[in-house]
Amino acid sequence: IGSHGADHHNLAKLQPYEINHQLVGSKKILEEKLRDKIDFFAFPYGTRKQISHEAFLLAKRVYNFNFTAVGGKNHFALANRYLIKRTGASPSYSLRHLRAILCGAKDFLYKREFEEFEELEELK
């Protein structure tokens, strides 16, 4: 189980104290309710436009693994655990469409979008 923020807000539009509430507050609530450590966070909306530099840095400090909403395969040895790709699937997808996603047939569509995240790593 991982956190997705306290209220599913666009983290790029929030002030630092609000980002703290979304990331740290939601983690604390989940850990108290579940009596277990929460190591995973999925950024709400999850594209580069919805993740501020402040949110990225805080998520990196607070969680061990952070998920984007940009699709594609994660190569274990090369993956950045703070910017994990995550491909969505819908019950409305045909089996053929789902197979194409799982085989990586659409990964080329996400390549440029994921490259936008490199800026976050460079701003350390």
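The model is predicted: local features need pLDDT of at least 70 and side-chain atom pairs count only at pLDDT 80 or more, whereas totals for chains, interfaces and linings use all residues. Residues are numbered from 1 along each chain as its sequence is written, and side-chain values use heavy atoms, with hydrogens and water left out. The protein has 5 helices and 2 strands, where helices (H or I, at least four residues) and strands (E, at least two) are DSSP runs, numbered from the N terminus.

**Overall fold**

- Along the sequence, the order of these elements is α-β-α-β-α-α-α.
- The protein is as compact as a globular protein of its length, because its radius of gyration of 15 Å is close to the 14 Å that the globule rule gives for 124 residues. This radius is taken over C-alpha atoms, and the globule rule is 2.2 Å times the number of residues to the power 0.38.
- Taken along the principal axes, the box filled by the C-alpha atoms is roughly 45 × 35 × 30 Å.
- Of the contacts (heavy atoms within 4.5 Å) between residues at least 6 apart in sequence, 62% join residues at least 24 apart.

**Surface and charge**

- Buried residues account for 33% of the 124 residues. Buried means under 20% relative accessible area, exposed means over 50%, and partly exposed lies in between (1.4 Å probe, protein chains only).
- The protein carries 20 positive and 15 negative charges, and their mean positions are 5 Å apart. Lys and Arg count as positive and Asp and Glu as negative, while His and the chain ends are not counted. Each charge is placed at NZ of Lys, CZ of Arg, CG of Asp or CD of Glu.

**Salt bridges**

- Side chains of opposite charge can pair when their charged atoms come close. A salt bridge is a side-chain nitrogen of Lys or Arg within 4 Å of a carboxyl oxygen of Asp or Glu, and the count here comes to 3.
- Glu31 and Lys27 form a salt bridge with an N to O distance of 3.0 Å. These two residues are 4 residues apart in helix α1 (residues 16–34), so about one helical turn separates them. Glu31 is partly exposed at 25% relative accessibility, whereas Lys27 is buried at 11%.
- Lys111 and Glu115 form another, with their closest N and O atoms 2.8 Å apart. Both belong to helix α4 (residues 107–115), and because they are 4 residues apart, about one helical turn lies between them. Lys111 is exposed at 53%, and Glu115 is partly exposed at 36%.
- Lys37 and Asp39 are also joined by a salt bridge, at 3.5 Å from N to O. Lys37 is exposed, with 54% relative accessibility.

**Single residues**

- Arg35 is not a glycine, yet has a positive phi of about 55 degrees. Arg35 lies in the loop between α1 and β1 (40–42) and is exposed at 77%.
- Tyr45, likewise not a glycine, has a positive phi of about 70 degrees. Tyr45 is found in the loop between β1 and α2 (53–62) and is partly exposed at 44%.
- Leu102 belongs to helix α3 (residues 95–102) and is exposed at 62%. The C-alpha atoms of Leu102 and Gly72 are 8.8 Å apart, although 30 residues separate them along the chain.
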